[in-house]
Amino acid sequence: MAGDLESSKALSGLLSGLAQDAFHGHPGITEELLRSQLYPEVPPEEFRPFLAKMRGILKSIASADMDFNQLEAFLTAQTKKQGGIASDQAAVISKFWKSHKTKIRESLMNQSRWDSGLRGLSWRVDGKSQSRHSAQIHTPVAIVELEIGKSGQVSKSPVRMYCSYPTLHIGKLGHGKVM
Amino acid sequence: MEGSSEPLLDAKSKLLDFQWKLGMAVSSDSCRSLKYPYVAVMLKVADDSGQVKKKSFEMTIPQFQNFYRQFKEIAAVIETV
């Protein structure tokens with residue numbers, strides 16, 4: 001893998017493909033797809049260990065959520081070790097992580113969210129409303145509709161709830177910044 | 001998702017209780033250094049028949065800030081009605 005512009009582009013593309021597969025859950029990114037698209041002249045038996053090495057490096061960087069100091073130290077170590085990477089490859093990886101770090105981290109956070117999330121929130125305030133089952137007139141009332149669901153699944157029907165003026169003070173949240 | 005079209009009051013549940021928890025996911029199998037703060041919410045609602053149900057969900061901090069902002073707005077509006 002000579003150090004020229006074309007091989008930098010190919011490695012960049014490879015890292016993108018690996019990230020799509022490993023973090024962003026994009027289906028269908030096979031070894032053969034990556035090889036034929038990015039490294040067509042490289043035979044499969046040579047490509048496979050190369051791909052595994054790059055995948056391992058990217059996963060290590062993402063798993064440790066490396067800052068730029070850690071990244072430089074890590075990549076330098078990779079260039080020095082037996083069967084490691086070339087320094088121009090290290091440069092491509094460094095550039096890739098710096099520009100994709102936030103997005104990858106976001107995907108990793110999403111992967112660790114197993115409970116339902118809040119997909120939507122809409123509300124309105126009614127001045128006066130009357131139920132056909134009850135003679136009571138509720139005034140005033142906030143009607144909130146929450147769409148709750150797990151990622152990748154169709155939401156169940158939304159939770160529609162109402163709360164009148166005093167109840168809203170249950171959720172009286174403290175002042176000051178949250179994180 | 002804009003406002004719903006004319007839901008009857010009967011079709012809604014009454015909010016009884018709102019519990020929250022601020023958590024920090026430290027590590028996971030896919031990411032050793034996760035450091036992910038989140039807010040988990042547990043709502044208790046009672047439908048028209050009086051049946052009490054619990055609904056729970058999780059929010060990222062930006063989502064929670066938006067959630068909080070919306071409820072602040074609701075509280076402000078409801079005071080003026």
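Begin by selecting chain A, which has 5 helices and 5 strands, where helices (H or I, at least four residues) and strands (E, at least two) are DSSP runs numbered from the N terminus. This is a predicted model, in which local features need pLDDT of at least 70 and side-chain atom pairs count only at pLDDT 80 or more, while totals for chains, interfaces and linings use all residues. Residues are numbered from 1 along each chain as its sequence is written, chains are lettered from A and ligands numbered from 1 in the order in which they are written, and side-chain values use heavy atoms, with hydrogens and water left out.

**Chain A as a whole**

If you follow chain A from the N terminus, its elements run α-α-α-α-α-β-β-β-β-β. Of the 179 residues in chain A, 41% are buried; buried means under 20% relative accessible area, exposed means over 50%, and partly exposed lies in between (1.4 Å probe, protein chains only). Among contacts in chain A between residues at least 6 apart in sequence, 53% join residues at least 24 apart, and contact here means heavy atoms within 4.5 Å.

**Helices α2 and α3 of chain A**

Next, select residues 31–38 and residues 44–63 of chain A, which are helix α2 and helix α3; they pack at an angle of about 110°, with their axes 11 Å apart. The axes are lines fitted to C-alpha atoms, for helices over the stretch in contact, and the angles run from 0 to 180 degrees between N-to-C directions. α2(A) and α3(A) are therefore roughly perpendicular to each other, since angles under 35 degrees count as roughly parallel, over 145 as roughly antiparallel, 65 to 115 as roughly perpendicular and the rest as oblique. To see the contact itself, show the side chains of E31(A), L34(A) and R35(A) on α2(A), together with P44(A), F47(A), R48(A) and L51(A) on α3(A). By class, this contact of α2(A) with α3(A) has 4 nonpolar, no polar and 3 charged residues, where Ala, Val, Leu, Ile, Met, Phe, Trp, Tyr, Cys and Pro count as nonpolar, Asp, Glu, Lys and Arg as charged, and the others, Gly among them, as polar.

**The rings around Y39(A)**

Over all chains, the structure holds 8 aromatic pairs; rings of Phe, Tyr and Trp (its six-membered ring) pair if their centres lie within 6.5 Å, and planes under 30 degrees apart count as stacked, over 60 as edge-to-face and the rest as tilted. Select Y39(A) and F47(A), which form a tilted pair at 5.7 Å centre to centre with 45° between the planes, and note that both Y39(A) and F47(A) are buried. Y39(A) lies in the loop between α2 and α3 of chain A and F50(A) in helix α3 of chain A, so the pair ties together parts that are 11 residues apart in sequence. F50(A), like Y39(A), is buried.

Move on to D65(A), in the loop between α3 and α4 of chain A. Its phi is near 45°, a positive value in a residue other than glycine, and at 10% relative accessibility D65(A) counts as buried. Now select K101(A) in helix α5 of chain A, which is buried with a relative accessible area of 18%. Leaving aside neighbours within four places in sequence, K101(A) is in contact with D65(A), M66(A) and D67(A).

**D115(A), and across to chain B**

D115(A) lies in the loop between α5 and β1 (117–126) of chain A, and at 47% relative accessibility it counts as partly exposed.

**Chain B**

Chain B has 1 helix and 3 strands, and from the N terminus on its elements run β-β-β-α. Buried residues make up 42% of its 81 residues. Select K35(B) in the loop between β1 (13–25) and β2 (36–46) of chain B; K35(B) has a positive phi of about 45° although it is not a glycine, and it is partly exposed, with a relative accessible area of 43%. Finally, select F18(B), F57(B), F67(B) and F71(B), which ring pairs link into a cluster.
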